[in-house]
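Biologist: I'd like to learn how to read a fold and its domain contact. Can you walk me through one?

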Protein chains: 2
Amino acid sequence: MNIRALVFDVFGTVVDWRSGVARDIRRLVSDVDAEAFADAWRSQYLPSLDRVRRGELPWTNLDELHRASLDELLAEYGVPDTPEGVRAELVLAWHRLDPWPDSVPGLERLKKRFVIASLSNGHVALLVNMAKHAGLPWDTVLSAELFGHYKGDPEAYLGAARLLGLQPEQVMMAAAHVDDLAAARACGLRTAYVHRPQEYGSKAVLRPPSNDPKADVSVASLTELADHLTA
Amino acid sequence: MNIRALVFDVFGTVVDWRSGVARDIRRLVSDVDAEAFADAWRSQYLPSLDRVRRGELPWTNLDELHRASLDELLAEYGVPDTPEGVRAELVLAWHRLDPWPDSVPGLERLKKRFVIASLSNGHVALLVNMAKHAGLPWDTVLSAELFGHYKGDPEAYLGAARLLGLQPEQVMMAAAHVDDLAAARACGLRTAYVHRPQEYGSKAVLRPPSNDPKADVSVASLTELADHLTA
């Protein structure tokens, strides 16, 4: 392998969206099960993206998609009178998520040897805010927004390689989600599976597989990824 | 002023292109005046960009523009048999330029308070390579390439504000070139003039002005800019 750059899925792979979003729901909305609400909110994510990918919606950024699903959920959860200011603040919960404990140490080590960048469905502003909050040491922020295509679409993966001036096989995509990796692999990128069993909490019914046999490497942390790639 | 982000011109403002390019010319090409060659190469820069801006050329990145002008100059300077490998290496000289002594300390301080990003005509890959080489601690790399418009065109300045999720007046453009600042100001950005009297060497006939009365602030270094904005 002649890898020059690593691009990372962010939500779930680098940061713990569930705890962070639940924390702000608990802080800002009374009388709802914060973790259940976070899960329900996240479950609207892929269907929202798919509406954009299918062309049913024009390009819509994650703040706007999050806001639309939030409005629906607040009504469903019996808190339809949640004020505008609180709704705006809740959408920003997705900008200030905490990293998994291994994320920053792993990225710092990988950065010494490779170009490291996000490759997220979050928009640039969200990812820049998150990097500031979480101390993520990206060389640059890459986002689906730059390509007008959410991940799953080849434009996102090929666009990342193109902007980095690299061939797809010189770029490794790291993600905790096998479908993201499968789409990256179909574009010729190398892939690293990151096992994040806590992404949906300790009581989740559906658990992610401990490894992805189709990936070039499967690891349980970004520090383990650094061990593999910089040994 | 309610500034949230600073975007920086790079060539001349943050890095010393002339010394870096001359260094590689001296190393790779015999019997030419390296500084004069660097100046001549740089002088082809704006006319090249203008051909793209006027639509006479399709979008062409800086490596490609540098290569075309290099080929002409090597013939003019009497070294037309310079091998392909050397030409490719010389183009990459523009990726590994050294910062001015105040650049990294100033950026590190500004980064604590603001989002900091490049806003350069260099393409993303060049800027990422340069940041690695020079230790420039960008929160993200922004480039004319992302907008398909070189600076001077409003799309570059407004695109930077849009990607950062900010209004133009929340973004300050810092540059050593008054025309870059004038174009940014016309788009509603705040502006900081950085006096770089050594950009064209100590013997240059045309010297930049010591300050720009139209800019919000004029400084002689990025550390002085940090003094102004973080006081």
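Predicted model: local features only at pLDDT ≥ 70, side-chain atom pairs only at ≥ 80, totals over all residues.

Biologist: Which residue forms a salt bridge with Arg53(A), and how far apart are the closest N and O atoms?

Modeller: For a pair to count, a side-chain nitrogen of Lys or Arg must be within 4 Å of a carboxyl oxygen of Asp or Glu. Here Asp153(A) pairs with Arg53(A), with 2.8 Å between the closest N and O atoms.

Biologist: How many residue pairs are in polar contact across that interface?

Modeller: The rule gives 13 of them, both partners at pLDDT 80 or more. As for composition, the side of domain 1 that touches domain 2 has 9 nonpolar, 10 polar and 6 charged residues.

Biologist: Where do the domains run along chain A?

Modeller: Domain 1 covers 5-16 + 97-230, and domain 2 covers 17-95. Their contact draws 25 residues from domain 1 and 21 residues from domain 2.

Biologist: What area is buried between them, and what share comes from carbon and sulfur atoms?

Modeller: About 2,000 Å² is buried, and carbon and sulfur atoms give 54% of that. The C-alpha centres of the two domains lie 23 Å apart.

Biologist: And what does the whole chain look like?

Modeller: Chain A has 10 helices and 6 strands, and its C-alpha trace spans about 55 × 35 × 30 Å along the principal axes. A compact globule of 231 residues would have a radius of gyration near 17 Å, so the 17 Å of chain A agrees.

Terms used: Residues numbered from 1 in each chain as written. Chains lettered and ligands numbered in written order. Heavy atoms only, no water. Domains from an automatic or database assignment. Contact = heavy atoms within 4.5 Å. Buried area = accessible area lost by both parts, 1.4 Å probe. Polar contact = N/O pair within 3.5 Å; in protein donor to acceptor, adjacent residues only side chain to side chain. Nonpolar A, V, L, I, M, F, W, Y, C, P; charged D, E, K, R; others polar. Helix = DSSP H or I, 4+ residues; strand = E, 2+ residues; numbered from the N terminus. Rg over C-alpha atoms; globule rule 2.2 N^0.38 Å.
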